[in-house]
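Please look over the structure shown below before reading on. The briefing after it goes through selected local features, grouped by topic.

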Amino acid sequence: MPLPAAGVCAVLAFFTSALGWVAGDLAQPAAFSPANDDISDLGSVTAASPWLYNQIGANLTGLLVMAAALGLWRALSPDALGRTGAGALFVAGLGSLLDGFFRLDCRGIDAGCVNDSWHADAHRWESRFTVAATLLAPLVLAFAFRRIPEWRRAWLPTLLAIPALFVGNIVFSILGDGAATRAGTLIWFAWLAYVGARLLRSAEGGRVRTEV
């Protein structure tokens, strides 16, 4: 994965993720509340225009995150900690990709909603692994960045991404669980876009050194 392409993918993931759930929220009926209802409801079988979340917010975003992870793997090699962090990021992207396939049966606003199908169960299990990888990736990468001179300036912003995510969750939980999840998601993808910008800078620096 060329580093410039990986950097662009990381930046684009911020926009596709936000577009998926913002457009998905707007497509739902008035009874649906972005502040209270879960993002996953947007891709459920009963959701209005579920493709907005499933194909843009989950499938496409997941592919972009996976591409960014491959570029980061290359940029941080042969550092073992860097590869571990890139691997965790790849798993987070894979989880997002699968999220668009393993759909819930219904939304929280649907009468008698149960979510007891095999794909709803798969969604819940996939979400557990995705959340774990999402939290692990910045933490591991922060300490990897710290010991690589070219990436050292990125280690503190990366380390602060996790507490920033939790602060966003707590602050926006005043509005509701849905708002808290959306705020945390936005913060995480903003961090990923920052890493993408660093990848682009790293690629440019490498090109300049090669020319010299």
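Is Arg 182 buried or exposed? Arg 182 is buried, because its relative accessible area is 6%, where buried means under 20% relative accessible area, exposed means over 50%, and partly exposed lies in between (1.4 Å probe, protein chains only). This is a predicted model, in which local features need pLDDT of at least 70 and side-chain atom pairs count only at pLDDT 80 or more, while totals for chains, interfaces and linings use all residues. Residues are numbered from 1 along each chain as its sequence is written, and side-chain values use heavy atoms, with hydrogens and water left out.

**Salt bridges**

- The structure holds 4 salt bridges, a salt bridge being a side-chain nitrogen of Lys or Arg within 4 Å of a carboxyl oxygen of Asp or Glu.
- One of them joins Asp 25 to Arg 182, with the closest N and O atoms 2.9 Å apart.
- This pair links distant parts of the chain, since Asp 25 lies in helix H1 and Arg 182 in helix H7, 157 residues apart; helices here are DSSP runs (H or I, at least four residues), numbered from the N terminus.
- Asp 25 counts as buried, because its relative accessibility is 13%.
- Arg 147 and Asp 79 also meet through their side chains in a salt bridge, at 2.9 Å from N to O.
- That pair links distant parts of the chain too, with Arg 147 in the loop between H4 and helix H5 (155–159) and Asp 79 in the loop between H2 and H3, 68 residues apart.
- Arg 147 counts as partly exposed at 47% relative accessibility, whereas Asp 79 is buried, with a relative accessible area of 16%.
- Another salt bridge brings together the side chains of Arg 124 and Asp 121, at 2.4 Å from N to O.
- Arg 124 and Asp 121 are separated by about one helical turn, because they are 3 residues apart in helix H4.
- In general, an α-helix has 3.6 residues a turn, so residues three or four places apart point the same way.

- The 26 residues of helix H2 (residues 51–76) should span 38 Å, and the end C-alpha atoms are 35 Å apart, which agrees; the expected span is 1.5 Å times one less than the number of residues.
- H2 has a kink of about 30°, centred on Thr 61, where the bend is the angle between axes fitted to the seven residues ending at a residue and the seven starting there.
- A cis peptide bond, with omega about 10°, joins Ser 77 and Pro 78, and Pro 78 is found in the loop between H2 and helix H3 (80–99).

**Positive phi values**

- Most residues other than glycine have a negative phi, and most peptide bonds are trans.
- Ser 49, in the loop between helix H1 (3–27) and H2, has a positive phi near 50° and counts as partly exposed at 35% relative accessibility.
- Asn 115, in the loop between H3 and helix H4 (118–146), has a positive phi near 60° and counts as buried at 14% relative accessibility.

**Contacts of Thr 185**

- Thr 185 is found in helix H7 (residues 177–211).
- Leaving out residues up to four places away in sequence, Thr 185 touches Ser 17, Trp 21 and Ile 39, where contact means heavy atoms within 4.5 Å.
- Thr 185 and Asn 169 are 16 residues apart in sequence and 9.0 Å apart in space, C-alpha to C-alpha.

Conventions. Helices (H or I, at least four residues) and strands (E, at least two) are DSSP runs, numbered from the N terminus.
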